[in-house]
Amino acid sequence: MEVVRPLDELLRYPAFFGFETEEYVNTGVGFGAERGNKIVEGMLKEYNPLLDGKHGTRGCPILNTEALEKKGLIRNGQKQQIEGAQIFPIEYFNPYDDPTGRLNKTTKTYSIHWFAKSWMGKKAVSYTHLRAHETSLHL
């Protein structure tokens with residue numbers, strides 16, 4: 001993560017999140033919340049069924065988005081307010097399109113997630129870079 005401008009303006013919201021794609025909100029691209037925020041508590045509850053290790057894994061964008069949908073989120077990548085929490089479009093926290101390698105930074109961008117994929121093995125990371133290169137050749 002690279003923070004490219006101060007987050008102070010966002011402190012007026014009880015919580016803020018950003019879309020990673022047009023469909024998914026991802027706390028991994030940046031978020032903030034007041035202590036005890038009910039939306040964050042709802043997001044954390046989405047992890048409970050997975051804690052026993054018997055139900056596989058699910059990425060946080062899926063879990064985050066499902067929790068927000070229960071509160072009224074519309075999966076459209078647009079700015080939304082849900083129970084006081086502000087959900088921001090892609091350009092605010094995720095202007096880097098990892099599959100294509102394109103950076104769409106704007107004056108609204110607060111941070112950039114560079115997708116180092118540190119949780120993946122070298123072989124998997126190499127594969128994603130290869131796929132991104134192939135994708136960019138076809139654009």
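1. Let's start with Glu46, which counts as buried because its relative accessible area is 14%; buried here means under 20% relative accessible area, exposed means over 50%, and partly exposed is in between (1.4 Å probe, protein chains only). This is a predicted model, where local features need pLDDT of at least 70 and side-chain atom pairs count only at pLDDT 80 or more, while totals for chains, interfaces and linings use all residues. Residues are numbered from 1 along each chain as its sequence is written, and side-chain values use heavy atoms, with hydrogens and water left out.

2. Who does Glu46 meet? Its side chain forms a salt bridge with that of Lys70 (2.6 Å, N to O); the term stands for a side-chain nitrogen of Lys or Arg within 4 Å of a carboxyl oxygen of Asp or Glu. Lys70 lies in the loop between helix H2 (60–69) and S4, and Glu46 in the loop between H1 and H2, so the pair ties together parts that are 24 residues apart in sequence. As for the names, helices (H or I, at least four residues) and strands (E, at least two) are DSSP runs, numbered from the N terminus.

3. By this rule the model has 5 salt bridges. One of them joins the side chains of Lys38 and Glu41 (3.6 Å, N to O). These two sit 3 residues apart in helix H1 (residues 38–45), so about one helical turn separates them. Lys38 is exposed at 57% relative accessibility, and Glu41 is partly exposed at 32%.

4. Another salt bridge links the side chains of Glu83 and Lys71 (3.7 Å, N to O). Glu83 is in the loop between S4 and S5 and Lys71 in the loop between H2 and S4, so parts 12 residues apart in sequence are tied together. Glu83 counts as exposed at 54% relative accessibility, whereas Lys71, at 35%, is partly exposed. Then there's a network: Glu23, Glu69 and Arg75 are joined by salt bridges that share partners.

5. Glu83 also turns up in the hairpin of S4 and S5, which has 2 residues between the strands; Glu83, in the turn, has a positive phi of about 50°. Strand S4 (residues 80–82) runs antiparallel to S5, with 3 bridges joining them; two strands pair if DSSP finds at least two bridges between them. Ile82 has Ala85 as its bridge partner in S5.

6. What does S5 pair with besides? Strand S2 (residues 15–18) runs parallel to S5, joined by 4 bridges, and Phe17 has Ile87 as its bridge partner there. From S5 (residues 85–88), Ala85 and Ile87 point one way and Gln86 and Phe88 the other, and all are buried.

7. Now the rings: a search of the whole structure finds 8 aromatic pairs. Rings of Phe, Tyr and Trp (its six-membered ring) pair if their centres lie within 6.5 Å; planes under 30 degrees apart count as stacked, over 60 as edge-to-face and the rest as tilted. Phe88 and Tyr92 make a tilted pair, 4.7 Å centre to centre with 35° between the planes. Tyr92 and Tyr110 are stacked, because their centres are 6.2 Å apart and their planes at 25°. Tyr92 is in helix H3 (residues 90–93) and Tyr110 in the loop between strand S7 (102–103) and strand S8 (111–112), 18 residues apart.
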